[in-house]
Structures are given as structure tokens and as C-alpha cells.
Amino acid sequence: MRQYKILNYDDRRQIERLYAQGDRIEDISFFLRASQTCIRKELARGRTGKLDANQRLEYSAEIGQRTTMANVRRRGRRRTATGAKI
């Protein structure tokens with residue numbers, strides 16, 4: 001089992017390139033040293049709604065990055081158990 005990895009934009013571009021070439025999710029996760037679950041969630045996050053040349057849902061690194069940044073902004077400030085802001 002691999003450790004959790006936070007993907008950056010370069011990782012997302014690698015995923016986009018490898019996925020468009022037809023590589024399997026298992027191979028992409030091995031190459032990036034990330035879990036398969038991480039790659040699957042990222043592919044879902046960056047879907048364009050179109051099919052690629054391999055007849056799979058197309059992935060865009062830019063859409064994945066925008067979605068991630070929107071989620072981080074929407075998350076807001078975290079609170080502790082006592083209600084104090086961190």
C-alpha cells in the first residue's frame with residue numbers, strides 16, 4: 001500500500017499524457033508513486049465529458065486543477081473541537 005500523495009499540476013499533466021496514451025490506471029499509479037484510488041479520483045475530478053481516442057472518458061489536467069483549487073477555497077477555515085479557528 002502506498003502513502004497518500006497530494007497531486008500538483010505537473011502530476012496532473014503526467015496523468016493526462018499517460019491516460020491519453022492508453023496506459024492503465026495501475027501503470028499510472030506505479031509511475032507517479034500514488035495509490036490507484038488517488039488516480040481514479042483524479043480522473044473523475046478532471047473529466048471533460050467527452051471520449052478520447054481509446055473510447056474512455058477524456059481527462060483534462062486543467063479541469064482537475066481548477067476543481068481542486070475551487071474545493072480548497074470552498075473548504076474555508078477549519079475549527080477545532082472547542083470551536084476556535086485554526
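1. The largest nonpolar core has 13 residues, and those touching the most other members are I15, Y19, I28, L32, I39, L43 and Y59. Such a core is a set of buried Ala, Val, Leu, Ile, Met, Phe, Trp, Tyr and Cys residues joined through side-chain atoms within 4.5 Å, where buried means under 20% relative accessible area, exposed over 50%, and partly exposed in between (1.4 Å probe, protein chains only). At least two residues of this core come from each of α1 (9–21), α2 (25–32) and α3 (36–45); helices (H or I, at least four residues) and strands (E, at least two) are DSSP runs, numbered from the N terminus.

2. This is a predicted model, in which local features need pLDDT of at least 70 and side-chain atom pairs count only at pLDDT 80 or more, while totals for chains, interfaces and linings use all residues. Residues are numbered from 1 along each chain as its sequence is written, and side-chain values use heavy atoms, with hydrogens and water left out.

3. Neighbours within four places in sequence aside, I39 is in contact with I15, I25, I28, S29, L32 and A34, contact meaning heavy atoms within 4.5 Å.

4. T68 belongs to helix α4 (residues 61–75) and counts as buried because its relative accessibility is 18%. Beyond neighbours within four places in sequence, T68 is in contact with R12, E42 and R45.

5. Most residues other than glycine have a negative phi. R33, in the loop between α2 and α3, is not a glycine, yet has a positive phi of about 60 degrees; its 67% relative accessibility makes R33 exposed.
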